[in-house]
Amino acid sequence: MANIKSIKTTPYQDQKPGTSGLRKRVPVFQQPNYVENFVQSIFDSLEGFEGQTLVIGGDGRYYNDVAIQKAIKIAAGNGFGKVMVGRDGLLSTPAASHIIRHYKAFGGLVLSASHNPGGPDGDFGIKYNIGNGGPAPEKITDAAFARTKVIDSYKMVEAPDVALGHIGTQRVGDMVVEVIDPVADYAALMETLFDFTAIRALFASGFRMRFDAMHAITGPYAHRILEEMLGAPEGTVINGTPSQDFGGGHPDPNLVYAKDLYDLLMSPDGPDFGAASDGDGDRNLIIGKNRFVTPSDSLAILAANAALAPGYATGIAGIARSMPTSAAADKVAEKRGLEMHETPTGWKFFGNLLDAGRVTICGEESAGTGSNHVREKDGLWAVLLWLNILAARKQSVDEIVRDHWQTYGRNYYTRHDYEEVDAAVANTLMDDLRAKLPGLVGQSFDDDLTVAYADDFTYHDPVDGSTSSKQGIRIGFTDGSRIVFRLSGTGTVGATLRLYLERYEAADGRHDLDTQTALEPLVGLADRLAGIRERTGRQSPSVIT
Ligand code: G6P
Ligand code: ZN
């Protein structure tokens, strides 16, 4: 019999999972039994995993290696039959989702803090995913949180650390541990979805691409898929070796942290196509030569062109986007007669729609796009779908984007973030604005902006009937313009106020305005309505994307 020990512990009161699992600074996780308590509390909130398989993998950030050994031994102590773990403890978030689904595992632990910086003073995180491959629903995370507050012991097998460097099978107590190639199954899935022959021909014709893995998890995936399988020249993938602190950088693929890539694509002799992904591989950034594609436009363009890829050749069932994401995708759904859903921010809200077959493609303004192939957003998937479309249409990114606007119109879009605002100030700002909403409808501002609706977004899940309220303030205008105010659910210091601005120009309208100029009147109005500058003392946003 295995050497299972029941070890006494004392609870922590702060282990509340957020939008994407439990996310804290590394020193918090390094406290005695912090990881043990949380993992045991998750298992205590689940039923029926005896003898079943658990998938474990992470993005390789600092503390991944330590936490993974603890998780394996606790899984063994709790009676899992098998743990599948990526070599060196690595699995991108979408790959983990695929492995869970592919091997019909009971669930999985994803160790990551996504796009947050890593290292001894950086962030770490643990998230539980269920058997469909997606993040656990609140029912489970709430139960786990309740358990963390009272937990007094955990079970673990006392055993030496598992050797994670080599593919193969070992034992921890009675439990089998299988170390797998983190890339192979995921790459095989991508090959079933996309026309690899056409993409290979594209690269062979001299098409040049730069993929910035930002020293994070997609490095090994991108080297294998883009350079080895698709024949992109060596050097296509940069910063492709995962490092514990992401090379000291901030692995968030946006115009601030991937500025070098942006500058390269805007330079006269830059490549044809640029892309990047985040710490755990679920976000994406798409930039064509002289053309940045906003995540909202990217969602719409991918949905409109998905049928060019073999995996979606029979068409898509529908599209879903998070509420603050622009309505560009709605225009595609409208014209094509597809089902369209607007959900709260957070990938988990797409799970039910995907499981029910109501939608095929989903996306968020926060650089997440994905489909029903897994239950997480998927950075490399978006890049490969773009490559497939480029190969099939034989046009540049810029031509495809312009053509899209000429067909569906253009949704000018930007997001202004006010980071590390005093939480009380931010909450009062939102409360005061909420109180004003009923009086706004029908009012006109600046001559031509008439409020069509003003509310705090409530989502009614059409699949399970649940309701999520207070998901962000929307002020919509009769011309299709929109202002959204929301407090971030992922920030770690103070509050982050996000202001999302959108203006619609019809298919025959003006598509060449500068985005910030096009949205200036809305920015001014947002400030007048909410008093952002006056209340926060900030003259301008900290980040504009
Ligand atoms: C994470 C989630 C996304 C979400 C994003 C932004 O990446 O997985 O689904 O859109 O955070 O969240 P925030 O609350 O910071 O705007
Ligand atoms: Zn991520």
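This report walks through some helices, loops, single residues and a ligand shell in a predicted model.

## How to read the model

Residues are numbered from 1 along each chain as its sequence is written, while chains are lettered from A and ligands numbered from 1 in the order in which they are written. Because this is a predicted model, local features need pLDDT of at least 70 and side-chain atom pairs count only at pLDDT 80 or more, whereas totals for chains, interfaces and linings use all residues.

## Helix 15

Let's start with helix 15, which covers residues 423–440. Helices here are DSSP runs of H or I with at least four residues, strands are runs of E with at least two, and both are numbered from the N terminus. How far apart are the end C-alpha atoms of helix 15? They are 25 Å apart, which agrees with the 26 Å that its 18 residues should span at 1.5 Å a residue. The expected span is 1.5 Å times one less than the number of residues.

Helix 15 has a kink of about 25° at R434, shortly before the proline P438. The bend at a residue is the angle between axes fitted to the seven residues ending there and the seven starting there. Buried in this helix are A426, L429, M430 and L433. A residue is buried if 20 or more other C-beta atoms lie within 10 Å of its own, exposed if 12 or fewer, and partly exposed in between, with C-beta atoms placed from the backbone. The cover over these buried residues includes strand 19 (410–421), strand 26 (495–505) and helix 16 (515–530). Just after helix 15 comes G442, with a positive phi of about 90°.

Helix 7 spans residues 196–204, and its buried residues are F196, I199 and L202. Seen down the helix axis, they fall within an arc of 115°, so they line one face of helix 7. That arc is taken over the directions from the helix axis to the C-beta atoms. As a reminder, an α-helix has 3.6 residues a turn, so residues three or four places apart point the same way. T197 and A204 are exposed on the other side of helix 7. Helix 6 (184–193), helix 8 (218–229) and helix 13 (379–393) are among the elements that cover its buried residues. Contact, in this sense, means that the C-beta atoms of two residues, placed from the backbone, lie within 7 Å.

Helix 8 has buried residues T218, G219, P220, Y221, A222, H223, I225 and L226. What covers them includes helix 6, helix 13 and strand 12 (273–277).

Most residues other than glycine have a negative phi, and most peptide bonds are trans. Which phi does N239 take, although it is not a glycine? N239 has a positive phi of about 50°. F246, not a glycine either, has a positive phi of about 55°.

N239 sits in the loop between strand 11 and helix 9 (259–266), and F246 also has its place in the loop between strand 11 and helix 9. N239 is buried, with 22 other C-beta atoms within 10 Å. F246 counts as buried because it has 29 C-beta neighbours inside 10 Å.

R23 belongs to strand 2 (residues 22–25) and is buried, with 21 other C-beta atoms within 10 Å. Leaving aside neighbours within four places in sequence, R23 is in contact with G18, A113, D123 and G125.

Buried or exposed: which is T517? T517, a residue of helix 16, counts as exposed, with 9 C-beta neighbours inside 10 Å. F292 in strand 14 (residues 291–293) counts as partly exposed, with 18 such neighbours inside 10 Å. Not counting residues up to four places away in sequence, F292 touches Y262 and I287.

## Around ligand 1

Finally, the ligand. Its shell holds 14 residues, and the closest are W347, S366, S488, G489 and T490. A residue is near a molecule if its C-beta atom, placed from the backbone, lies within 6 Å of it. By class, the shell around ligand 1 has 1 nonpolar, 11 polar and 2 charged residues. Ala, Val, Leu, Ile, Met, Phe, Trp, Tyr, Cys and Pro count as nonpolar, Asp, Glu, Lys and Arg as charged, and the others, Gly among them, as polar.
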